Amino acid sequence: MDNVPPVLPPAAELQQLEHTLAQVESHRAWLLTRRSQLLELLRQSGPGSAPATAAWDPPPGQRTPHPWRQDARPPTVQNVLLALGGVLLAVAVTAFTVLSWGHMGIGGRSAVLSALTLTAMGTPALLLRRQLAATAEAVACLGLVLLLLDAYALHQVALPGTDPADYSALASAAVAATWAAYGLWLRRPPSTRDAEETVDPPGAGARGLRLPLPVAVCLAQLPLLLWAVAAGAGPLGFASALLVTATADLAFALRTRERSVRLPAAVCASVTGIAGALLAAQVSVGADAPSGTARAAGLLLLAAALGVSASWRSAGVNRADGDDAQAAPPEADAPAPAARAEADAPAAPVVADAPAPAGPAAGAAAGSATGPVPRSALRPAAGAAAPAWPAAAGGLALIAAIGGFLRTAVPGSWAVLGYLLCAAGVLAAARSVTARAAVSAGLTVASGAVYAGAALWALPSVATALLGPVTWTGAVWSGAPAGARDALGPAVTAGTDVDWPGTGAVPAVLGVIAVTAMALHRWWASAPRPAAPAVAAVVAWCSVGVVLPVTLDLPHPVAVALLVAQVAVLLVASVTLASAHAVPAPSADSVPSSATGAPQAPGSPPAAPAVRARTEAASLTALLCAVATTLTAAFWSLAEQSVTLGALSGLLVVHAAASAAAGHVRQRATAAVASLCALALTVAVCAAAGLPPHRTAFAVLAVAAAASFVAARLRALPAGLAVECAGYAALLLAICLAARDLPVLASVLALAGVVASGTALRGDRRAAGHAAAALFVMAAWARLAASGVSAPEAYTLPVTAAALFVGVRRHRQDPTVSSWAAYGPGLGATFLPSLMAAWDDTHWTRPLLLGLGALAVTLFGARQRLRAPLLLGGTVLALIALHELAPYLVQVVDTLPRWLPPALAGLLLLATGATYEHRLRDARKLRDALGRMR
């Protein structure tokens with residue numbers, strides 16, 4: 001009873017049966033296909049012949065065992081052998097013709113070459129009848145070499161006085177025509193290729209030659225070029241020859257249905273067409289007269305027509321190929337004997353919803369019902385998509401042709417605008433031919449390339465106008481420039497090494513780009529929706545706000561005032577756009593939207609997500625442009641004192657007003673910029689009043705105190721954090737300004753500690769108390785240094801004792817307190833000043849006492865497992881030891897040979913690499929040990 005198989009549930013058993021039946025159907029379909037192939041082989045070999053044996057592939061999932069592994073397949077070996085044989089014969093014939101030609105008379109020479117040529121060109125026909133297609137291809141290639149040698153021999157013997165270039169052109173045309181006719185003679189008719197050709201069994205040869213026609217196409221590229229060389233033509237002559245050749249290649253590629261011939265023709269058309277267009281474009285750009293431009297424009301228009309027509313017609317050709325590949329020929333509809341026998345058999349029962357065999361088995365099963373499977377059914381169907389790059393090349397040629405006329409009619413710098421307007425026209429044409437996706441995409445790419453080139457051409461002018469005023473930081477208030485162009489920097493005013501690269505065409509070019517971007521956003525649905533308005537806004541800002549004042553060379557105060565006005569306009573636009581589609585806060589009257597779930601006020605449905613995204617992008621773009629314009633105006637105003645004060649005041653008012661009316665992100669950004677403007681204005685007013693830097697520090701401290709107060713009042717708003725950060729920056733600036741005067745530095749540090757203490761009164765800023773304590777300690781150190789105290793321990797040890805007493809008491813009351821909070825302030829109050837004093841002390845008493853104290857603190861921290869005493873004491877002890885041993889180390893290093901330090905470094909690296917994993921484990925243990933300390 002143990003051997004009885006378990007009874008499966010009906011659903012599982014049905015699934016298993018369906019899987020088994022699918023495998024059986026797949027194997028049956030393969031057997032029927034193979035049977036049809038064998039019957040076709042027997043039918044071709046004639047009645048009464050022995051069954052032909054052919055290599056065949058085993059069914060899927062089965063493998064035929066081999067005694068050894070085959071590295072190369074038989075067709076590969078065959079092709080290599082035939083190629084080597086053909087090359088050796090070609091070399092031998094060439095050597096005979098060139099080197100051994102003088103040993104025979106004229107009759108013998110002609111007879112030998114003629115006989116060899118006729119034999120080599122006639123043999124492939126006999127080989128094709130025996131289905132030796134690969135051998136026939138190799139012999140045909142040998143015939144081509146002999147045909148070329150015949151042409152060479154004819155020139156050397158019969159026509160020695162003919163010009164080599166003229167004869168080469170005529171001979172190449174004759175050879176190309178002869179070889180094309182030869183290929184048409186020995187090829188299979190294209191009308192019966194898909195209809196009659198079945199799946200060839202492995203090892204069977206093709207019925208026609210495939211190489212002669214592609215080779216003839218390649219040879220046809222030479223005659224016109226060689227005739228141009230013979231005629232001594234210039235660039236336009238070579239361009240004409242190339243474009244005429246490309247026209248013929250394109251016509252041939254579009255008319256032929258042979259894929260093996262159409263591909264070489266298309267490649268040749270692309271190469272010759274692009275080369276001819278480049279030569280014509282070079283002539284068009286370099287021509288000074290309209291007549292030279294007209295001749296080049298005609299060739300460029302021909303190249304444009306070729307590119308556009310190639311993409312236009314390729315879609316139809318590819319679609320026709322796809323239809324031919326999918327449609328079955330009429331002859332394939334007749335059932336084969338195997339199919340008729342199968343049709344007479346009773347139909348097998350069909351299980352409902354049974355999975356059909358997928359993959360190649362399904363195709364074979366479908367083809368077995370109508371006889372042999374056509375080769376076109378096994379080839380992937382050609383797609384109907386046409387290439388877009390020919391249309392792109394044609395669009396560029398069209399722009400170059402029309403723009404060349406405009407270039408000769410306008411000044412040099414305005415030629416870019418002419419090409420850009422032509423690109424705009426091509427872009428409009430691309431929108432009108434959306435029915436042909438390839439042509440539309442190609443023309444769009446061509447226009448985009450021209451627009452990108454125009455933007456790159458204008459980029460140096462924009463960069464100079466934006467970054468040039470930064471150089472005024474090294475020459476503040478050095479003199480009033482005459483105009484905006486002189487205000488780009490001190491170097492421009494002095495006339496030394498910086499010059500304005502832009503012209504009047506730069507604002508116009510940028511304006512056209514901005515208008516085009518907005519037009520794409522408005523009238524072209526496939527344009528990137530959120531990005532187009534942002535790009536248009538940035539380019540328009542560069543045109544009007546950055547480049548236009550410099551191009552017009554406005555007076556310096558007027559230009560700065562215009563920049564401040566632009567900041568106001570941009571901020572108003574940003575705030576308005578942000579508030580136009582802002583999502584209201586949920587309230588009791590809000591109704592959730594059924595589509596998005598967002599709160600929806602009664603009577604005012606929220607904007608669509610796409611509209612909100614575009615509006616948000618435009619608002620952020622306006623904000624960024626406003627900030628960039630603020631920086632440019634601030635740096636630009638540094639040339640003159642009155643302009644600086646006025647510009648900073650205006651920028652402060654504008655950003656403060658925008659911060660009061662802006663939303664979350666914009667309020668934070670505008671508040672930060674307003675705080676920085678207030679800080680810069682304070683420094684400028686103090687500098688205008690003649691105050692030294694260390695006195696200006698107190699005014700900056702006042703700004704920091706005001707920022708701390710305003711941040712406390714605005715803590716619930718986004719602007720509060722921005723103002724607070726600006727206050728911290730003001731504190732750092734005040735300390736830096738007072739760094740050169742120790743008494744003032746001590747006062748500034750003390751006042752900064754007071755400001756930090758006031759900030760620590762806020763419940764969410766208790767951590768500022770630590771900064772306040774550090775500032776007070778540094779203020780005490782600065783006061784001691786300013787008073788000339790040489791023994792700071794007399795002042796720091798009492799503080800250390802009191803701080804350590806408080807720290808020990810706190811640590812005993814609350815063991816969870818960190819050792820840094822309990823012992824860190826007290827130890828640092830003595831260690832740091834003493835270490836600074838010992839670093840410059842030439843005696844041994846202070847370093848010895850400080851080292852002993854650091855050693856005691858280190859041992860205490862290690863015993864009590866306290867992190868702060870351990871690390872502070874160990875660091876001070878290591879620094880003292882380094883300070884004391886440094887002179888001796890220098891002496892030792894001076895006595896060592898120069899090769900020893902690199903050798904020691906190499907050994908250290910080798911040892912570290914060899915024990916890297918062990919060192920990592922030790923480092924992790926040390927980190928864990930420090931982490932467990934308090």
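1. A search of the whole structure, which is a predicted model, finds six salt bridges.

2. Glu 724 forms a salt bridge with Arg 762, and their closest N and O atoms are 3.7 Å apart. Glu 724 sits in helix 26 (residues 718-737), while Arg 762 belongs to the loop between helix 27 (742-760) and helix 28 (768-786), so the pair ties together parts that are 38 residues apart in sequence. For anyone setting a distance criterion, the cut-off applied to a salt bridge here is 4 Å, and the 3.7 Å of Glu 724 and Arg 762 falls within it.

3. Are the two partners buried or exposed? Glu 724 is buried, at a relative accessible area of 6%. Arg 762 is buried as well, with a value of 7%. Both count as buried because the limit for that class is under 20% relative accessible area.

4. Arg 765 also forms a salt bridge with Glu 724, with the closest N and O atoms 2.7 Å apart. Arg 765 is partly exposed, with a relative accessible area of 23%.

5. Arg 762 has a further salt bridge, to Asp 764, where the closest N and O atoms are 3.3 Å apart. Asp 764 counts as partly exposed, at 44% relative accessibility. Which residues do the shared partners join into one network? The network consists of Glu 724, Arg 762, Asp 764 and Arg 765.

6. Helix 10 gives the largest share of the lining, eleven residues. Sorted by class, the lining of the second largest pocket has 23 nonpolar, six polar and two charged residues.

7. Ser 834 is part of helix 30 (residues 819-839). This serine is buried, with a relative accessible area of 2%. Its side chain and that of Glu 793 are joined by a polar contact of 2.9 Å. Setting aside residues up to four places away in sequence, Ser 834 touches Glu 793, Arg 846 and Leu 850.

8. Leu 872 is located in helix 32 (residues 867-895). It is partly exposed, with a relative accessible area of 22%. Apart from neighbours within four places in sequence, Leu 872 is in contact with Trp 820, Gly 824 and Leu 827. The C-alpha atoms of Leu 872 and Leu 832 are separated by 9.6 Å, and the two residues are 40 residues apart along the chain.

Notes:
Residues numbered from 1 in each chain as written. Predicted model: local features only at pLDDT ≥ 70, side-chain atom pairs only at ≥ 80, totals over all residues. Heavy atoms only, no water. Helix = DSSP H or I, 4+ residues; strand = E, 2+ residues; numbered from the N terminus. Buried < 20%, exposed > 50% of the residue type's maximum accessible area, 1.4 Å probe, protein only. Polar contact = N/O pair within 3.5 Å; in protein donor to acceptor, adjacent residues only side chain to side chain. Contact = heavy atoms within 4.5 Å. Salt bridge = Lys/Arg side-chain N within 4 Å of Asp/Glu carboxyl O. Nonpolar A, V, L, I, M, F, W, Y, C, P; charged D, E, K, R; others polar.
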